[in-house]
Amino acid sequence: MAKKKSYRQHIFYDWCKACGLCVAFCPKQVYRRNEEGQPVVADAAKCVGCRFCELHCPDFAITISAVDAPSRSAAAHTAQTSIEEAADER
Amino acid sequence: MKMEKVEQLRHYYLRHDKKFPHVWCPGCGNGIILGSLIRAIDKIGLSKDEVVLASGIGCAGRMPVYADFNTLHTTHGRALTFATGIKLARPELNLITVMGDGDATGIGGNHFIHAARRNLNLTAIIINNQIYGMTGGQYSPTTPYGAKAATATGGHLEHAFSIADLAVTAGASFVARGTVYHVPHLDKLIEQGIRKNGFAVIEIMAYCHTQFGRRNKMGDAVTMMEKLRDRAVAVKDPGAAGSPGTAVAAGASDTPGAAASAGALDSDSLDTLDGKFAIGVLTDVEKPDYIAEYARLRAASRLNAQNAGNAGK
Ligand SMILES: Cc1ncc(C[n+]2csc(CCOP(=O)(O)OP(=O)(O)O)c2C)c(N)n1
Ligand code: SF4
Ligand code: SF4
Ligand code: SF4
Ligand SMILES: [Mg+2]
């Protein structure tokens with residue numbers, strides 16, 4: 001049986017302005033706000049990897065990564081390689 | 001460790017020599033739109049050198065500062081003017097303008113309608129936060145009737161127009177409306193707009209909680225974002241069925257769910273603080289763009305001149 005995917009939420013605090021969008025709209029209440037209003041990961045296991053937080057963070061401060069995805073997924077690797085190649089060409 | 005795709009995009013497209021976090025207020029949707037624009041350009045596969053990003057003045061107009069394309073930060077209302085000149089001189093480049101509602105349809109309104117009428121192959125992204133954000137909340141051409149603004153403290157006496165409707169009427173060949181809540185949908189609209197051969201307008205409904213929301217007791221960025229989610233209704237793409245404009249698959253909460261037919265919604269609702277408005281591709285028509293027309297005329301003139309020369313021999 002396919003194992004349930006898990007995800008890691010990386011927050012780059014230097015760029016986070018504590019707007020609260022990620023905390024408010026995460027459908028699984030993965031985050032809570034600390035005293036400064038910045039998100040802290042309260043329950044990583046609940047994350048479904050929808051990337052709503054990553055796409056809506058106005059400050060590019062959130063990165064979601066899949067953990068234990070089979071070989072970090074062959075598809076992801078292809079995308080990565082092609083962009084590196086493209087960058088080289090440019 | 002390999003970088004995630006999203007990290008690669010940030011490293012590649014954001015300017016390393018600029019100060020981050022950027023200048024926009026906490027929670028302002030402008031940063032979300034910058035993300036969408038970068039993903040759309042990356043998806044199309046344009047190189048950074050093939051893209052020109054031009055803006056006017058305003059909070060929206062700050063965008064090119066942060067993006068590593070050929071960029072111009074021009075004067076208020078003149079993004080399309082500069083873009084027109086560049087496109088005529090270098091038609092092989094992809095010209096994208098980013099403007100605010102005041103920038104594009106207030107001081108730049110005349111440039112906007114005539115760029116649409118001319119159908120030059122440009123992409124106009126207009127961030128409609130219904131106010132002059134940068135200068136302190138003066139009303140703009142899209143500030144709704146009755147709303148409070150720094151220059152309408154007793155409630156606005158004038159009426160808002162719909163930017164998308166204006167663009168359709170003025171002759172733009174592609175017109176779409178999205179929001180900063182419906183981000184995957186917005187990515188697609190921007191991609192379609194850039195790919196379109198002709199004048200393409202993407203009106204993006206955003207908010208300015210700092211200058212507009214506060215005065216109108218509309219709450220913080222989160223509350224204003226919820227409002228956009230609830231007010232937007234997706235229309236069916238007037239073009240081919242199954243094209244990105246019809247992407248109304250339920251599921252992802254930031255993908256518009258309900259489908260209405262185009263025209264079912266009254267854009268007058270944008271003259272209110274809470275009426276529903278349409279999002280999606282509103283117009284997508286084929287007509288010769290200005291560059292092709294100009295090339296055709298030039299070829300014909302050459303031929304005429306040649307024939308005249310031959311006849312004289
Ligand atoms: C010729 C000229 N007139 C007025 C201004 C002042 N001004 C700067 S930005 C702006 C309006 C900005 O509103 P909008 O275009 O909606 O952008 P936003 O800040 O809301 O993103 C005005 C009036 C200017 N810079 N130049
Ligand atoms: S959305 Fe981004 S800037 Fe806003 S609180 Fe979350 S991480 Fe911080
Ligand atoms: S990816 Fe989705 S579920 Fe996971 S933290 Fe972000 S918003 Fe929540
Ligand atoms: S003033 Fe308004 S438009 Fe400008 S950055 Fe702040 S929230 Fe955004
Ligand atoms: Mg504005």
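**Exercise 1.** In this predicted model, work out how many residues of chain A are in contact with how many residues of chain B, and describe the side of chain A that touches chain B by class.

*Solution.* Begin with the contacts themselves: 30 residues of chain A are in contact with 43 residues of chain B. Next, turn to the area buried between chain A and chain B, which comes to about 2,900 Å², with carbon and sulfur atoms giving 62% of it. The elements of chain A that each give two or more residues to the side touching chain B are α1 (21–25), α2 (52–56), β4 (62–67) and α3 (74–89). Sorted by class, this side of chain A has 15 nonpolar, six polar and nine charged residues. Finally, look at the pairs that join the chains: the count of salt bridges between chain A and chain B is zero, while seven residue pairs are in polar contact, both residues at pLDDT 80 or more.

**Exercise 2.** Find which residues are the protein donors of the magnesium ion (ligand 5), and decide whether Asp101(B) is buried or exposed.

*Solution.* First, list the donors, which are Asp101(B) through OD, Asn129(B) through OD1 and Ile131(B) through O, lying 2.1 Å from the magnesium ion. In sequence, these donor residues follow the spacing D-x27-N-x1-I. Then place two of them in chain B: Asp101(B) lies in helix α5 (residues 101–107) and Ile131(B) in the loop between β4 (123–128) and α7 (163–170), so the pair ties together parts that are 30 residues apart in sequence. As a last step, apply the cut-off for buried, which is under 20% relative accessible area. Asp101(B), with a relative accessible area of 1%, is buried, and Ile131(B), at 2% relative accessibility, also counts as buried.

How values were computed:
Residues are numbered from 1 along each chain as its sequence is written. Chains are lettered from A and ligands numbered from 1 in the order in which they are written. This is a predicted model: local features need pLDDT of at least 70, side-chain atom pairs count only at pLDDT 80 or more; totals for chains, interfaces and linings use all residues. Side-chain values use heavy atoms; hydrogens and water are left out. Donors are N, O and S atoms within 2.8 Å of the metal (3.2 Å for Na, K and Ca); water is not among the atoms, so sites may look incomplete. Helices (H or I, at least four residues) and strands (E, at least two) are DSSP runs, numbered from the N terminus. Buried means under 20% relative accessible area, exposed over 50%, partly exposed in between (1.4 Å probe, protein chains only). Contact means heavy atoms within 4.5 Å. Buried area is the accessible area (1.4 Å probe) that two parts lose on being put together, summed over both. A salt bridge is a side-chain nitrogen of Lys or Arg within 4 Å of a carboxyl oxygen of Asp or Glu. A polar contact is a pair of N or O atoms within 3.5 Å; within protein, one must be able to donate a hydrogen and the other to accept it, and residues adjacent in sequence count only if both atoms are side-chain atoms. Ala, Val, Leu, Ile, Met, Phe, Trp, Tyr, Cys and Pro count as nonpolar, Asp, Glu, Lys and Arg as charged, and the others, Gly among them, as polar.
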